[in-house]
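Have the sequence and the structure open while you read.

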Amino acid sequence: MNILKFKAKLIYSNIKTRLILILTLVIGLAVCMVGIGMYVVAKQSLLEEYKVPHQQMLTFVRDDVDRKVAEINTTSIHAVLHPLTIDFIRYDNHQSIDTILGVVSLLDTLSQSSSTIESIYIYDTKRQHVVGSSPYGFHSSIETLGDTSWLPLLSLVEKDTNNLTFTKRMKGQGEVISLIRKITVDNQLSGFLVINLNPSKLFSQMRTSEPDVGTASRIIQDSNGEVLFSVGEVNKEILNPSRYFITKMTSTSTHWNYMYAVPQEQVLGKLKWIRTMAFLVSAITMLIGMIVIFQINRITFKPVERIIKMVQKHQTEAMDVDLIQLENFVVRLLTQHTFLHGSNKELKAKFLQDTVYGKLSRKEFDRKWRLLYSEWSSDLPVYAVIVSIDAYYKWVNGYKQDDQLVLKFAIGNIFEEVLGEGFRVQYEDLNQDRSVIIVQPLASDIELQVLYEKLQYGIEVTNKLLNISVSVGVGEPLYPIDGNLSIRYKQVEILLMDRLYASYKKLHVPEQALQYSEASGIGTKRETVYDILQGIRDGNTDYVRGTLEKIRIDWETIMAEPRFVFRWYTNLIKEMIKEFRNQTDGQFQEMMESMDSLQTLSFAELHGMASDEAEQLAEEVKRRKPTKHDNHLRKMIDYIQEHYPENIGVANVAEAAGISSSQANYIFKQETGSTIYDYITRVRIEKAEELLKNTNLKVTEISEKVGYASENSFIRNFRKIKGVTPGQYKG
């Protein structure tokens, strides 16, 4: 023993050995700390991911129960306010068979209106008579009803300031949820309405087709903490957050709590086992490392020690330099590894965004692809996919921003889950309505049709679970993978424009791309937008509706190019908003920004949006216009439109309307916001603009045709309105 102590002391007295031991202990402790950190992070991530499906399930349950409760509440109000109920409470008509049968028939009808309702009672507190739905009927004494466990609850309900109370009680051999509402006649409490609900049907969504794993429990509590319904074991310990992982959600309408409780041991059991094993491995590693170090020191360092003794003055300097360099190298290596591991996901997301927007050169794309996607096969095709939310501007207005992020995250999870079996997948949410996916099959024998079927299934699941309508576009396969991936995404964006005619919740693939006509229809005429705007100014709703309907039928018949259709409708809506909406209104900018999402609309939605706005504006103009001025204004406008090539003035226009010049100026300014002279000038310039584009006439000839005696006057007015001279405009 003394010899061993001596050898150990001799080995430890060597400064090299002490430093190596210290370094070994530091690395061992670092391994332990990394193990603890990984356990904590993995635990938190696991619990967060575990929480998402529970929240979705509880949300569905809560919404379903709230809907049923709202329907039942409506039924109770109808029953309380019904004349038969008032007649039963107010008058002593209980001896009348007609009155009793009428009330029973009413209660039968109301109870049959919902599968959740088992029975309904009306209790007259003064005479202690009760009438119920079939098979209970009328009872002159409450004792003969056969169900009296709700009577003790009436005193509590009577003290409650609310007219409506939900409570759980025993009925026969089972439990029911009873809704008790006060009946007030002539400002006095005269009776009670009792609606008995079947808990299993009221909370039917709590029982899913898939059984819970292990000892998980689902619980619904009322606002007082009483358990209304449960699936699985319920005890006091189940609400202990140190032992159970609890997902909780509260209804704002009923104030009931919806909970999903899972024992933490059930969720974290394997993770704790992995943590324990990591600690054991770390301890064993340190022990073996120290033993090996001592053994190597004893054998290997002997010749080194002899050399060091020969050059004793260099010993400290040599050992210090080596150890410092080793420590710096290890620290730098660990830091680089941690950074690359943590930032890999963010780097992939940035790479995919830059690819979609075409920001990467071919060389830069190849370099980053090899670095970030080294696990993806170079022998298999890659597909560009875009998931787009249909009618995006409506969807945005229906949810808060935080809810939008959660729902987009849920959409991504659905498609990653659907494609997870058989494909490599990366999903990334972009701005507005679009999210992009890059997909690669795991094997060469996976057919393209399998990808199409999975994406179609993802569309259906998203609509079913989230009530969100999405369209998905798939590009042609890219093989081998290169910088053309950004071109594939542009092709997919063009494919998604088929949504205009194909409507929503569709998968758009190259093989089924729609073919469009090169013809543009009547909507291409420049005066069409002007005519619609003029129809709005005139308050002519029928004309505006008819013109837009003709354009819709024409374009749908010839299958006009979607990009042109979107551009035309966008221009029309913008012109209507700019001219007829208050630009200082806070909603103005929001309406203008929503124009970017029009490409997510079907033709029916797009046309309906423009048509509704135009008709609404026309109606508003029509309501604002005094009827006595309509005829005069129409005559003045018609005269200008017909005689603009002539030398006309205010007097001519007034004479055509049969009024004085001062009246003409006043009516025209009041109704259009423009003077007669300005309107004549605008009409002439618009007609000149058409001639400049569609004819080869000289500027002098055009000025004469639109009513200008002086070419200089024409040029001056044209530049004032259009910002360029006629010659510059003609190009």
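Predicted model: local features only at pLDDT ≥ 70, side-chain atom pairs only at ≥ 80, totals over all residues.

**Aromatic pairs**

- A pair of aromatic rings is described by the distance of the centres and the angle of the planes.
- The model has 27 aromatic pairs.
- Take Y121 and W150: their ring centres are 5.8 Å apart and their planes sit at 40°, so this pair counts as tilted.
- That pair ties together distant parts of the chain, with Y121 in strand β1 (residues 117–124) and W150 in the loop between β3 (137–139) and α5 (153–159), 29 residues apart.
- Y121 is buried, at a relative accessible area of 0%, and W150 is buried with a value of 0%.
- F718 and Y729 give you an edge-to-face pair, with 5.6 Å from centre to centre and 70° between the planes.
- This one also links distant parts of the chain: F718 belongs to helix α25 (residues 711–722), Y729 to helix α26 (residues 726–730), and 11 residues separate them.

**A ring cluster and two charges over rings**

- Y501, Y516, W555, F564, W568, Y569 and F603 come together as one aromatic cluster.
- K348 has its charged end over the ring of Y373, 4.9 Å from the ring centre.
- R684 places its charged end over the ring of Y708, 5.5 Å from the centre.

- Strand β7 (residues 217–221) is mostly covered, with 5 of its 5 residues buried.
- Cover comes on both faces: S217, I219 and Q221 are buried on one side, R218 and I220 on the other.
- Strands of a sheet pair through backbone hydrogen bonds, either parallel or antiparallel.
- β7 runs antiparallel to strand β10 (residues 257–263), and the two share 5 bridges.
- If you want a spot to look at in that pairing, I219 has M259 of β10 as its bridge partner.
- β7 also pairs antiparallel with strand β8 (residues 227–231), through 4 bridges.
- The β7–β8 hairpin has 5 residues between its strands, and G225 takes a positive phi near 90° in it.

**The five-stranded sheet**

- An open sheet of 5 strands runs in the order β12-β13-β11-β14-β15, with mixed pairing.
- β12 (423–429) and β15 (507–508) are the edge strands: each has a single partner strand, so one side of each has no neighbour in the sheet.
- At the β15 end, strand β14 (residues 470–474) pairs with β15 in the parallel sense over 2 bridges, and G473 has H508 in β15 as its bridge partner.
- Helix α12 (residues 448–466) lies across β11, β12, β13 (434–441), β14 and β15, at about 165° to β14.
- Helix α13 (residues 485–496) packs on the sheet too, touching β11, β13, β14 and β15, and its direction makes about 40° with that of β11.

- D390 is found in the loop between β11 (383–389) and α10 (392–397).
- D390 is buried, because its relative accessible area is 5% and buried means under 20%.
- Which side chain does the side chain of D390 make a polar contact with? That would be S469, at 2.5 Å.
- Beyond its neighbours within four places in sequence, D390 is in contact with S469, V470, S471, R499, Y504, K505 and T600.

- T254 sits in the loop between β9 (244–250) and β10.
- T254 is buried as well, with a relative accessible area of 14%.
- T254 and D66 are 188 residues apart in sequence, yet their C-alpha atoms are 7.2 Å apart in space.
- Leaving out neighbours within four places in sequence, T254 is in contact with D66 and V69.
- The side chain of T254 also makes a polar contact with the side chain of S251, at 3.2 Å.

Key. Residues numbered from 1 in each chain as written. Heavy atoms only, no water. Phe/Tyr/Trp six-rings, centres within 6.5 Å; stacked < 30°, edge-to-face > 60°. Buried < 20%, exposed > 50% of the residue type's maximum accessible area, 1.4 Å probe, protein only. Lys NZ or Arg CZ within 6 Å of the ring centre and 35° of its normal. Pairing = 2+ DSSP bridges. Polar contact = N/O pair within 3.5 Å; in protein donor to acceptor, adjacent residues only side chain to side chain. Contact = heavy atoms within 4.5 Å. Axes fitted to C-alpha atoms, helices over the stretch in contact; angles between N-to-C directions.
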